[in-house]
Amino acid sequence: YISSAIVFNFGYEWRKGWWHNRLLVLFVVGFTVLHVYVTLVPSQTSCFFRVNCQNEDVVVGVLEGSVPIQNPFNTTLMPEHFRRGILSLMAINTVAVVIYDTLIVNGLRRRWGFQKRAKRAADILALNAKQDV
């Protein structure tokens with residue numbers, strides 16, 4: 001999902017964060033607005049993606065023509081409370097991924113990696129010191 005693009009581009013030590021990449025910010029904002037709109041508003045845009053759409057409103061495809069929605073109900077229209085629930089899940093997923101990446105990936109695991117590399121470097125130095133003697 002879009003939140004993964006943000007999380008994996010935080011930057012930290014070796015590069016700048018995603019907020020410095022204007023093109024990425026433009027795409028993230030654009031795709032987020034598109035996802036929210038398609039999820040919440042039944043329209044021609046949502047029918048293009050076959051989400052929140054009735055069979056009568058299906059957008060004609062370029063290559064295939066008008067292919068009906070393939071389910072027993074002939075619709076993908078979601079109830080209002082379900083749309084809000086999906087939007088809540090999108091927000092919760094974003095928050096969870098950001099917290100996980102910040103605390104675990106770039107927090108605990110990173111510190112563990114630094115300690116492991118420091119110990120390995122100390123072991124190599126000790127081994128070199130023994131060989132010099």
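How many helices and how many strands are there in the chain? There are four helices and zero strands, where helices (H or I, at least four residues) and strands (E, at least two) are DSSP runs numbered from the N terminus. This is a predicted model, in which local features need pLDDT of at least 70 and side-chain atom pairs count only at pLDDT 80 or more, while totals for chains, interfaces and linings use all residues. Residues are numbered from 1 along each chain as its sequence is written, and side-chain values use heavy atoms, with hydrogens and water left out.

**Burial and contacts**
- Of the 133 residues of the chain, 20% count as buried, a term for under 20% relative accessible area, with exposed meaning over 50% and partly exposed in between (1.4 Å probe, protein chains only).
- Among contacts (heavy atoms within 4.5 Å) with a separation of 6 or more, 40% join residues 24 or more positions apart.

- Val28 touches Ile2 and Ile6, leaving aside residues up to four places away in sequence.

**Salt bridges**
- Two salt bridges are found in the whole structure, each a side-chain nitrogen of Lys or Arg within 4 Å of a carboxyl oxygen of Asp or Glu.
- Arg83 pairs with Glu80 at 3.5 Å between the closest N and O atoms; Arg83 is buried, at 9% relative accessible area, whereas Glu80 is partly exposed, at 38%.
- Arg84 also forms a salt bridge with Glu80 (3.7 Å, N to O), and these two residues stand four apart in helix H4, about one helical turn.
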